[in-house]
Amino acid sequence: MDAFQNILMGFSVALSPANLLYAFLGSAFGTLIGVLPGIGPAAGTALLIPLTARLPPTGAIIMLTAIFYGTQYGGTITSVLLNVPGEAASAITCIDGYKMAKKGRAGSALSIAAIGSFIGGTFATIALIFLAGPLTKVALEFGPVEFFSLMVLGLSLLMGLAGKSMLKALMMGVFGLLLAMIGMDPVRGSPRFTFGRMELMDGLNFVPVIMGLFGLAEILENAEETLSNTTSAKVGSLVPSRQEVKDSVGPIARGSLLGTLLGLIPGMTGSMASFLSYSMEKKISRHPERFGEGAIEGVAGPETANNAHANGALIPLFTLGIPASPTVAVLMGAFLMNGLIPGPFLFREQPQLVWGVIASFFIGNIMLLILNLPLIGIWVKMLKIPYTILFAIILTFMVIGAYGVDNSAFDVIIMIIFGFLGYVLKKFDFPIAPIILTLILGPNMERSLRRAMEMSQGDFSILFASPLSAALLIVSVIILITSSLRSVATSRRQKA
Amino acid sequence: MRKTSMIAGALSAIFSIIILAASLSMEYYSSIGPGPGFFTFWLSLILGLLSIGWIFQEFRRKPKEGEEKKTLFPRGKSLVHELEILGAMIFMALFMDILGFQISMFLFLVFLLLILGKVNKVTTLVISLIGSVGLFYIFTGWLDVQLPNSSLAFLSVIGF
């Protein structure tokens, strides 16, 4: 009953005209970012943070979360029409979605994807409502030791799953943690690696770092190819056939459950959710040979799963204060910039904000359904903007985004440095996601560990004194070892 | 690429040694627990070891077919494109405060669209004006995001 009352209170906040406008703007910007190839959800969300700087915290978070889950809707459009994923989570949709478009069924693919995304997102939001209470109760029992161990688990999962090489993922994780050390020491307040620059006293701003690593790096990579114009296929009728609807029911139901469950696990990304859903649908299908030839199940399952994942991934952020993926880490950064610390205390201290934002997910998903079905034509027109113009517009917003965080050209320089670094790291096949997560989690991890050490007078065995902390650390070590072994086995197989 | 990877690994190892040395100048431990240098010491040490591991891994790895011909940076037109984009971004970072957002962004967009993108002159002019003057007024007037005016008196007097 508590959950019901809370969500009613949330709707009273989310349905205010101003918050409806923020949800709409977020949904529209999110779809746009998803539609435009060359800018992913993490960089896109970071890019728009300065726009929310002067908004009230509730409005800012409503808009930014809507941008985040909106990108998952928009990414489908380019996957289906251009065979180019607007964002990584929609990459798998290219296989059957584009084949459907070539057969003149792009409209059906987009309708089913939008409906599946809506159902997946709504399902995960309902899960958040019911899991919020029990999970925050557990999280309130956590001390610095347990929080440190939980963050270690999240990072080890991400590193274990990121990229082909465990060694490279670990290097990136450690590098991100070192970047997080820049600025004032969180316990003593003494400066570290600031090189006498006042701009670095508060640490590296994560917004220019993310825009550089994800956005500018991508643009530099694209510049290697000839800057060419984009073209798009015709959408056709948006009404799916009866058979297509029938074939989509199962994948949508399974995708909702799978995506939500994977969203709960730190380190699992939206692209993993859509990939696993695709594999699962292909495996259980009576006609697996249809996959790759334009099977609607190959669109319905993954698209539902990545949206359920996007909303599901907000569950650990809201209840435990742990970001599950780089884009959620960006959202966590936005919370912190607004003076809000995501986690169990936020439910107690700012219930109106938290439940207002959660209620806005329902509204945002309805808005996205409208934006992506009857208004699909607008986004298709956007795709006709030549890349030669598009990349200049993206770079303009990147400059404004980086400058706007602190009104400083220094942040633009930071973005350029990290853009170049991200470009080079991609060439060496380094995963970028661990840098972002550790950069944002680093200060919290250090603070928790050092508080734990103060409690134990410097005795490290405190990390294993609590059964929960010990279990989390042991699981982390197992994940790291098994991932390393798998990585070694893969490289040996490649050699053979 | 294998050789380049090993050089990159060596650079990463040197970077970690520099951080390690800097960590030693910070307090490592005190009576109440780890000091500011504790985390940085261990992290730089781990990064150094991982870098050595990467060099070793690359040394033992058999190069893939055609890999030795691959270079870190592209050549020819592609490299010029990348350098032009980076150059334009550096121009913005260095001149935004001096020329003001509107003039620097106008020049930035004209360069990207007309010279790099080969977009026609009318479209370039329209987009560059909207992207510079238009966005300046939208961001500073409506969204309350501060964008810089020129630090040169004769430009700031006339609204730039």
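Tutor: Let us begin with a term: the bounds of a domain here come from an automatic or database domain assignment. With that in mind, chain B is divided into domain 1, residues 2-69, and domain 2, residues 77-157. Please also remember that this is a predicted model.

Student: OK, how many Å separate the centres of domain 1 and domain 2 of chain B?
Tutor: Taken over C-alpha atoms, the centres of domain 1 of chain B and domain 2 of chain B are separated by 39 Å.

Student: And what pLDDT does chain B average?
Tutor: Chain B averages a pLDDT of 88, and 100% of its residues score at least 70. For the complex, the predictor gives an ipTM of 0.93 together with a pTM of 0.83.

Student: Now the contact between the chains: how many residues does it take from chain A and from chain B?
Tutor: It takes 45 residues from chain A and 51 residues from chain B. On the chain B side, the elements that give two or more residues are helices H1 (2-24), H2 (36-60), H3 (77-99), H4 (101-116) and H5 (121-142), along with strand E2 (33-34).

Student: Which of those gives the most?
Tutor: H2(B) does, with twelve residues on the side of chain B that touches chain A. By class, the residues of that side divide into 34 nonpolar, twelve polar and five charged.

Student: Switching to chain A on its own, at what angle do H1(A) and H16(A) cross?
Tutor: Helix H1 of chain A (residues 2-14) and helix H16 of chain A (residues 351-372) cross at roughly 80 degrees, and their axes come within 7 Å. That angle makes H1(A) roughly perpendicular to H16(A). Among the residues making the contact are A:Phe11 and A:Val13 of H1(A), and A:Trp355 and A:Ile363 of H16(A). By class, the contact has ten nonpolar, five polar and no charged residues.

Student: What about H5(A) and H12(A), how far apart are their axes?
Tutor: The axes of helix H5 (residues 93-102) and helix H12 (residues 297-312), both of chain A, are 8 Å apart, and the helices pack at an angle of about 135 degrees. H5(A) and H12(A) are therefore oblique to each other, and H5(A) passes H12(A) in a left-handed crossing. The residues in contact include A:Asp96 and A:Met100 of H5(A), and A:Pro302 and A:Glu303 of H12(A).

Student: How many charged residues does that contact have?
Tutor: The contact of H5(A) with H12(A) has two charged residues, alongside four nonpolar and three polar ones.

Terms used. Residues are numbered from 1 along each chain as its sequence is written. Chains are lettered from A and ligands numbered from 1 in the order in which they are written. This is a predicted model: local features need pLDDT of at least 70, side-chain atom pairs count only at pLDDT 80 or more; totals for chains, interfaces and linings use all residues. Axes are lines fitted to C-alpha atoms, for helices over the stretch in contact, and angles run from 0 to 180 degrees between N-to-C directions. Helices (H or I, at least four residues) and strands (E, at least two) are DSSP runs, numbered from the N terminus. Angles under 35 degrees count as roughly parallel, over 145 as roughly antiparallel, 65 to 115 as roughly perpendicular and the rest as oblique. A crossing is left-handed if the near helix is turned anticlockwise from the far one by less than a right angle, and right-handed if clockwise. Two residues are in contact if their C-beta atoms, placed from the backbone, lie within 7 Å. Ala, Val, Leu, Ile, Met, Phe, Trp, Tyr, Cys and Pro count as nonpolar, Asp, Glu, Lys and Arg as charged, and the others, Gly among them, as polar. pLDDT is the predictor's confidence in each residue, from 0 to 100.
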